[in-house]
2 protein chains.
Amino acid sequence: MLFQDCLEESIPPSHLPWYIELLAIALLAQSMKLNVAGVRAGEAFLKTLQGVTDPEEKRKRIGKVFIDVFEQEARRLGRVEYLVQGTLYPDVIESVSVRGPSAVIKSHHNVGGLPEKMNLRLIEPLRELFKDEVRMIGRELGVPEEILGRHPFPGPGLAVRILGEVTEERIRLLQAADRILDEELRLADLYNSVWQAFPVLLPVSTVGVMGDERTYERVIAIRAVTSVDGMTADWARLPQDLLARISGRLVSEIRGVNRVVYDISSKPPSTIEWE
Amino acid sequence: MLFQDCLEESIPPSHLPWYIELLAIALLAQSMKLNVAGVRAGEAFLKTLQGVTDPEEKRKRIGKVFIDVFEQEARRLGRVEYLVQGTLYPDVIESVSVRGPSAVIKSHHNVGGLPEKMNLRLIEPLRELFKDEVRMIGRELGVPEEILGRHPFPGPGLAVRILGEVTEERIRLLQAADRILDEELRLADLYNSVWQAFPVLLPVSTVGVMGDERTYERVIAIRAVTSVDGMTADWARLPQDLLARISGRLVSEIRGVNRVVYDISSKPPSTIEWE
């Protein structure tokens, strides 16, 4: 209930994501005694993604901007030589053929997505570990449970959860859906029972009915999985009344959505993220 | 288990749909003593749907071909004056404003989809009844339970369950999915507990993994609802192990599908069919 508890009614909903970022940074600074600077680079990402629909192309462009921003900030701070990343082993396995004949499944922005020429030297201390192992180390080091227990978040951000072109309006819609899902999972005390849970905005409109009127609006897919290390995963058997409540809230609280589906696929042959 | 029981291993899968049509016609002829002629007009429908993606446009074009075929067949038979249709009241309510200010939700091909000029006179004895009422009448008249209990099937056929353009390949894919879903529901003895259950082919590809290879394939949505009269409906709370089995079979038995979702939306604000 970390961030939710801190939110006051007086903050307008459109400012929530930024406010949550601020809180996250404050938490990192306080609990870990880190000197953290937040950078708002949303516009650069939006610009590079304009008109792009291919998932691999999206990931590569995001990786490029990601590094550009880092290098720019590094120059601003003075002499910076290293980029430390929390890359995990599954990212490596799925991005490049390292130790065998595995093909590229997805270019994780912090691995396959990095530009070949880069002025920062890369340090990835967790590169050969799975997430459950990293969490064990974190516990040893005293990292707060609120940070350790957070669901994995994709490197390329919500862009891979917006199928088709990424626009500011779609990001806002997906953020609202994300907040509802997160809230309902925590209220049901199930947040920590699933490996990951998130909404995906589909580039699909379907017919609905509102009062006596026809609607033709978007579909949101809910993805929730159980997993030990992210390499394989099963769809979470969430209680059906919880699913009904989430579906009802998404449709009634988010303008432009009239249908909700629940992903019932395992990895393999699906993946956790859709793109 | 009606049609499934009759199917012999020796019939190639690609001929199944046509064989099922033959059986259905034979059943109508035998049980109801009707003189029924089957017409294969698939090519005309495929042709009129080429390149069409708008749901209302699809429905109107299908309605047009539907009447064309009827008139053509009528001429072939000699002097035919009437077209008898099983139009029900919900089709009427959703297609046209008859008794109040309800807007057009969907043009049902047998109501709003009919061309304005038509050489056959229309008889619709069930036009003011709901399906549960029609089933009661059917029982009184001795119509076999296999026909009475069949799930509603949309007038425009599978075309409204293939989002985006309708092609022969996509129809085949959806028919295969339909057969798997139907079979699993009957095996679980749940066919009669749901109002309707069907797959929808989404015009969306997502990333998956097969062995060490990346895949980028289609998504199928499963829609199953409970309802009394079709005017309102709730998504069916199917057992989760059944959903897992259906999802597993769809992905492993149908080439080109790597993800399955389950529709968890009610009507309203969604509708039962997606288009």
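These questions and answers cover the interface, salt bridges and cavity of a predicted model.

Q: How many residues of chain A are in contact with chain B?
A: Contact here means heavy atoms within 4.5 Å. On the chain B side, 50 residues take part. On the chain A side, the number is 50.

Q: What area is buried between chain B and chain A?
A: The size of an interface is often given as the accessible area lost when the parts come together. Here carbon and sulfur atoms give 62% of that area. The total between chain B and chain A is about 4000 Å².

Q: Which residues of chain B lose the most area to chain A?
A: Three residues stand out on this side. Together they make up 16% of what the chain B side buries. They are Gln240(B), Arg259(B) and Ile264(B).

Q: Which residue meets Asp263(A) in a salt bridge?
A: The count between chain B and chain A is two salt bridges. In the one with Asp263(A), side chains meet at 2.8 Å, N to O. The partner is Arg259(B).

Q: Which element of chain B gives the most to the side that touches chain A?
A: Across this interface, 23 residue pairs are in polar contact, both at pLDDT 80 or more. On the chain B side, helix 4 (55-77), strand 3 (196-210), strand 4 (213-226), helix 9 and strand 6 (257-263) each supply at least two residues. One of them gives nine residues, the most: strand 3.

Q: How many charged residues are on the side of chain B that touches chain A?
A: Sort that side by class.

Q: How much space lies in the largest cavity?
A: The structure holds one cavity of 30 Å³ or more. Its lining includes Trp235(A), Tyr262(A), Trp235(B) and Tyr262(B). The space in the largest cavity is about 60 Å³.

Q: Which elements give two or more residues to the lining of the largest cavity?
A: Residues from both chains line this cavity, among them Gln240(A), Leu243(A), Gln240(B) and Leu243(B). By class, the lining has seven nonpolar, two polar and no charged residues. The elements are helix 9 (240-253) of chain A and helix 9 (240-253) of chain B.

Notes. Residues are numbered from 1 along each chain as its sequence is written. Chains are lettered from A and ligands numbered from 1 in the order in which they are written. This is a predicted model: local features need pLDDT of at least 70, side-chain atom pairs count only at pLDDT 80 or more; totals for chains, interfaces and linings use all residues. Side-chain values use heavy atoms; hydrogens and water are left out. On a 1 Å grid over the protein atoms alone, a cavity is a set of points where a 1.4 Å probe fits but cannot get out, and a pocket is an open set with protein on both sides within 12 Å along at least five of seven lines; lining residues have an atom within 4 Å of a point. Grid points are joined across faces, edges and corners, and a volume is the space filled by probe spheres set on the points. Helices (H or I, at least four residues) and strands (E, at least two) are DSSP runs, numbered from the N terminus. Ala, Val, Leu, Ile, Met, Phe, Trp, Tyr, Cys and Pro count as nonpolar, Asp, Glu, Lys and Arg as charged, and the others, Gly among them, as polar. Buried area is the accessible area (1.4 Å probe) that two parts lose on being put together, summed over both. A salt bridge is a side-chain nitrogen of Lys or Arg within 4 Å of a carboxyl oxygen of Asp or Glu. A polar contact is a pair of N or O atoms within 3.5 Å; within protein, one must be able to donate a hydrogen and the other to accept it, and residues adjacent in sequence count only if both atoms are side-chain atoms.
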